[in-house]
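This report concerns pockets and aromatic contacts. The sequence and the structure are shown below.

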Amino acid sequence: RFRDRGIQTVPLRGPALAEQLYDDPTARPCGDLDLLVRKSALVQVQATLHELGYRLCDRRPGFAQAFSYTWEFFKVHPIPIVVEPHWSLAYPPYVERLDMDAIWRRCVPGRVCGVETWLLSPEDQLLNLCLHLVHHNGNAPLSWVSELDHILRKEQTALQWPQLLKTSQEAGVEGLVAKALRHTNELFHTPMPEPFLDSLTPQVTTRRSLAQGMIEVSRIPGKESLAAFFALTDWRAKWRYAVGLLFPSPAFMRIHYGLSTRWQVGVWYLWRVSQLGVSACKGFCQLLINGYGRRRYTSFRC
C-alpha cells in the first residue's frame, strides 16, 4: 500500500531479513513489523495505516514524533499485529545525529515478499542490526547475534568498511557498533578487519555527554528514556518529555499494560513512576561505579 501511495519504504529486519538469510520470510520469528519511512512522509504514513484499520498508540499527542524514533500502530482483527514506521535507524539519544538523507541516498531498489520496495545498503543494514542488538540491552536472543554473523560472512566482500566507520563516527555511535561486533566475534569468531574494530573504539579522551554515558555504561531497563531526557537542551522540552514519559494518557496505559478499569490505571501510574525512579537511581550508581566522571569521560553536559 505504501508503494502504491508513492511512500518510500524500507522493510527492516523481520520477514525481509528472513527472506534474505533463509529464502523464507516465515523462517524468522518477529513481534512486530518495522518499516523505515521518511519523517517528512509521516502524515501520509498515518493516513494509509488508518485506512488499513491500524490505530496509533502514543503516550501523548505528538510525543513520539517529537522525542522518539518510531510510531506504534496496532490492530486486533483478524490477528493482533503491530506496525512500527521508523524515521531513523538510531535510538535515543542518537536519533537526530544520524544523517538519514545520506542513508536514503544509499538505498537500492529490491523486492521483499514479492513486493517492489527499497533496501538498505549493506553498510547501513549492518549499522541497523548492530544498534538494534545494543538497543535491547543484553536481552536480545542469541539468534540475532547469529544473524549478524551470517550477514557479515555473506556480505564480507560487498561491505564498504570505511563508509560504515564514517557513518558511525559522525553519529557518535561507533562505540555501540564496536560493542555489537566484538560480541558477535567472541561468540562466532566472525571474520572482520581488526584495524576496523580498533578504529571504531572511542579514545578514552573523547568527550561524552551524560546521555551518552547512560547508554554506553548502564545496563538498566529504560536507560534510553533517561538518555533521551538528558540529551534535551531546552527545559520546556525536558518538562514536556518528563510528563509524557511518567504520565502518559490513560488510553495509552490501558493499551500498553492491558488494563480495563480506572483504578488499575491509577495503580499502574504509581508503578510506572516508581520503576522509572528506581531505574534512574541505578543508572547513576552504575555511572559512578564505572568512574564515569573521572576516568573516561570529561563532560556532564545535559
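How many nonpolar, polar and charged residues does the lining of the second largest pocket have? The answer follows under the second heading.

## Basis

The model is predicted, with pLDDT of at least 70 needed for local features and 80 or more for side-chain atom pairs, while totals for chains, interfaces and linings use all residues. Residues are numbered from 1 along each chain as its sequence is written, and side-chain values use heavy atoms, without hydrogens and water.

## Second largest pocket

By class, this lining has 17 nonpolar, five polar and six charged residues (Ala, Val, Leu, Ile, Met, Phe, Trp, Tyr, Cys and Pro count as nonpolar, Asp, Glu, Lys and Arg as charged, and the others, Gly among them, as polar). The lining of the second largest pocket comprises 28 residues, with Arg1, Thr9, Pro11, Leu35 and Val115 nearest its centre. A pocket is an open set of points on a 1 Å grid over the protein atoms alone where a 1.4 Å probe fits, with protein on both sides within 12 Å along at least five of seven lines; lining residues have an atom within 4 Å of a point.

## Aromatic contacts

Rings of Phe, Tyr and Trp (its six-membered ring) pair if their centres lie within 6.5 Å; planes under 30 degrees apart are stacked, over 60 edge-to-face and the rest tilted. This rule gives 12 aromatic pairs. Trp71 and Phe73 have ring centres 5.7 Å apart and planes at 80 degrees, so they form an edge-to-face pair. Ring pairs also join Phe63, Phe67 and Tyr241 in a cluster.

The charged end of Lys238 sits over the ring of Phe229, 4.5 Å from its centre, and over that of Trp235, 5.3 Å from its centre (NZ of Lys or CZ of Arg within 6 Å of the ring centre and within 35 degrees of the ring normal).
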